[in-house]
Amino acid sequence: MSRPTPAQIAYGSATVAFTTLAMLLLTGADEGPGVAVIALAALALGLLVASLVRTPRERADAAARLPEQRTPAHAASAVGEHSLHG
C-alpha cells in the first residue's frame, strides 16, 4: 500500500472534523457511548473519503484512457452535431 498523499490526509482529516462536529451538534450527544459512536462513524467516513481521493498518477491514467472510452455511437453523434452547426 502506498503512502497517503497530502490531499488525502487533508480531505480525510477535514471530513472527520466537520462530520464529528455536525453530528454532535445535530444529535446533542454528550455521553460516552453516543460520542464514541459518532467518532467512529466520522472516522470511517474520513477514511472512505481519503481513499477515494485520486492521486496525480490515477488522474493522469484516467485522462489517458478518456479517448479510448468513446464508443462509435458517441463519436457518430458528435460528428452529427458538428455537421448541424456547420
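Which backbone oxygen lies 3.3 Å from a polar atom of the side chain of Gln8? The oxygen belongs to Ala50, and the pair falls under the definition of a polar contact, namely N or O atoms within 3.5 Å, where within protein one atom must be able to donate a hydrogen and the other to accept it, and where residues adjacent in sequence count only if both atoms are side-chain atoms.

The structure is a predicted model, in which local features need pLDDT of at least 70 and side-chain atom pairs count only at pLDDT 80 or more, while totals for chains, interfaces and linings use all residues. Residues are numbered from 1 along each chain as its sequence is written, and side-chain values use heavy atoms, with hydrogens and water left out.

The protein chain has 4 helices and 0 strands, helices being DSSP runs of H or I with at least four residues and strands DSSP runs of E with at least two, numbered from the N terminus. Read along the sequence, this gives the pattern α-α-α-α. Of its 86 residues, 15% count as buried, where buried means under 20% relative accessible area, exposed means over 50%, and partly exposed lies in between, with a 1.4 Å probe and protein chains only. The protein chain exposes about 6,900 Å², and carbon and sulfur atoms supply 68% of that area; accessible areas come from the Shrake-Rupley method with a 1.4 Å probe, and for residues only the protein chains shown count as cover.

Helix H1 has 22 residues and reaches 31 Å from its first C-alpha to its last, close to the 32 Å expected at 1.5 Å a residue, the expected span being 1.5 Å times one less than the number of residues. In H1, the residues Gln8, Gly12, Thr15, Thr19 and Thr20 are buried. Seen down the axis of H1, these buried residues fall within an arc of 120°, so they line one face of the helix; the arc is that of the directions from the helix axis to the C-beta atoms. The face of H1 turned away from its buried side carries the exposed residues Pro6, Phe18 and Leu25.

What do the buried residues of H1 pack against? They pack against H2, contact here meaning heavy atoms within 4.5 Å. Helix H2, which covers residues 32–52, has 21 residues and reaches 30 Å from its first C-alpha to its last, close to the 30 Å expected at 1.5 Å a residue. In H2, the buried residues are Ile38, Ala42, Gly46 and Ala50. They cover an arc of only 105° around the axis, which puts them on the same side of H2. These buried residues of H2 in turn pack against helix H1, residues 6–27, whereas the face of H2 turned away from its buried side carries the exposed residues Pro33, Val37, Leu40, Leu47, Ser51 and Leu52.

Gln8 is found in helix H1 and counts as buried because its relative accessibility is 12%. Not counting residues up to four places away in sequence, Gln8 touches Arg3, Ala50, Val53 and Thr55.

Thr27 is also found in helix H1, but at 53% relative accessibility Thr27 counts as exposed. Its side chain reaches the backbone oxygen of Met23 at 2.7 Å and the backbone nitrogen of Ala29 at 3.3 Å. Just after H1, Gly28 takes a positive phi of about 70°.

Some C-alpha separations complete the picture. Thr27 and Ile38 are 11 residues apart in sequence and 9.3 Å apart in space. Ala44, which lies in helix H2 and is partly exposed with a relative accessible area of 46%, is 29 residues from Thr15 in sequence and 9.8 Å from Thr15 in space.
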